[in-house]
Amino acid sequence: MDHVFGDERHRRLRAEVREFAEHEVAPRIPGMERRRRVDHELSRLIAEQGWIGVTVDPAYGGMGAGHLAKTIIIEEMSRVSGAMGAMVQASQLGVAKIVHFGNAAQRAAWLPRVAAGRCLPTIAVTEYGSGGHVLGMTGSAVRDGDDYVLNGRKVFVGNSHVGDLHGVVVRTGEGSRGLSAFLVESDRPGFSLGPHEGTMGLHGFSFGELIFEDCRVPAANMLGNEGDGLAVAYSSSVLYGRANLAAVALGIHRALVEETCAYASEQHRYGRPLCEVPSVKLKLGQMQSRLMMATLSLYHAVSLLDRGAACDHELINAKLVNVEYALDTARNAMEIHAARGLYTDRPIERYLRDAHHIFAPAGTSDVQLLRLGEAALGVDRGQWSERLAGRVAVSESGPVAAPLVA
């Protein structure tokens, strides 16, 4: 769909990321799968390519290429490695909070480091006791002179163990206006990491636990104003999180279709290629149809976001469609591979495991459907893309969302 969405710059970017992923990332996958540990070295190598700064204004050293370019980077990385695609998407999710809520000093201090690959940012919202219910969090920050003292634990934090700068949302008061967000450097006293635990998929990626025990943070590290924490959490999830995760799912989906078509073309049954068996060809057709629809939904949504248009519903739908379709296609791929799909010498079982990791973050499919139901009824609560996308300035590298905080 490059001929419909994007231009020659996007095509060059896709080729660049694909070549890197196939030559630098792919050879490391067997080791990541075997060890099930965080790959710090590869995460840094990817960051050094400058892709984490794809939506960062060129004034800060970023690419200024916008959300469609960001989607292409994540998709192409995920096509080879869902783990490293997740690493890229989680870092860029961390960028959102600084772009939209950072003041001039915070943007000047951190965005150039992000763009140069010297800083991997995260966002930390979820807690064991509250899950996706953001207002149920109990982690706290208490003002003490010129500092805030943070206590609590955050879990399922993308890039937890490779992150340099954590955007942490904690409670500073009561109710929905009682949440605030802070930038917390990973070397601050009182901050520590929980042990990294192996999971079903995304081996090489970290999404673990951050621990705050009387962690003292300067008041100058607050993002926005006291009480803006809910906006930081929700807007980052909507404007970046849903599109980013949809891009990971899309990359895995594309790999599933490519690998399954190759397998069905190589194998022979009944004196002909497996792909010519009607029931198999039918499944391949279903997989291709889903892939086309998933691509269209996501590229359309992020193209609207690049233009500064209200597009929360399109972003929600893109997350829903891409996750559900990738999971459906993973099942078809396993059916076509049959017993061969169960062995680790082929990547199908890895794709299936990785795809399941994309279901819950930024809202499960049920959450997306509830939001779309509200849109259909005309009772939705407003659109973050309308509030925060701002005007879009066009640079030589592409569209750049204007910062929201002076």
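A: The model is predicted, and the phi of Asn159 in it is near 70°, a positive value in a residue other than glycine. Asn159 counts as buried because its relative accessibility is 1%, with under 20% as the cut-off.

Ala362 also has a positive phi, about 60°, although it is not a glycine. Ala362 is placed in the loop between helix H10 (348–356) and helix H11 (365–377).

The helix packing may be taken next. Two packed helices are described by the angle between their axes and the distance between the axes. Helix H1 (residues 8–25) packs with helix H4 (residues 66–80) at an angle of about 25°, and their axes are 9 Å apart. H1 and H4 are therefore roughly parallel to each other, as angles under 35 degrees count as such. The crossing in which H1 passes H4 is right-handed. On the H1 side, the contact includes His10, Leu13, Arg14, Val17 and Phe20; on the H4 side, the residues met include Leu68, Ala69, Ile72, Ile73 and Met77. By class, the contact of H1 with H4 comprises 11 nonpolar, one polar and six charged residues.

H4 also meets helix H7 (residues 229–266): the axes come within 7 Å and cross at roughly 40°. That angle makes H4 oblique to H7. H4 passes H7 in a right-handed crossing. From H4, His67, Lys70, Thr71, Ile74, Glu75, Ser78 and Arg79 take part. Their partners in H7 include Leu239, Tyr240, Ala243, Asn244, Ala247 and Glu258. The contact of H4 with H7 divides into nine nonpolar, five polar and five charged residues. Glu75 and Arg79 of H4 are listed in the contact with H1 and also in the contact with H7.

Finally, the confidence of the prediction should be considered. The mean pLDDT of the chain is 92, and 95% of its residues reach 70 or more. Over residues 391–406, however, the pLDDT is below 50, and this stretch has 48 contacts in the model beyond near neighbours in sequence. Where pLDDT is low, the predicted coordinates should not be read in detail.

Note on methods
Residues numbered from 1 in each chain as written. Predicted model: local features only at pLDDT ≥ 70, side-chain atom pairs only at ≥ 80, totals over all residues. Heavy atoms only, no water. Buried < 20%, exposed > 50% of the residue type's maximum accessible area, 1.4 Å probe, protein only. Helix = DSSP H or I, 4+ residues; strand = E, 2+ residues; numbered from the N terminus. Axes fitted to C-alpha atoms, helices over the stretch in contact; angles between N-to-C directions. Parallel < 35°, antiparallel > 145°, perpendicular 65-115°, else oblique. Left-handed = near helix turned anticlockwise from the far one by under 90°. Contact = heavy atoms within 4.5 Å. Nonpolar A, V, L, I, M, F, W, Y, C, P; charged D, E, K, R; others polar. pLDDT = per-residue confidence, 0-100.
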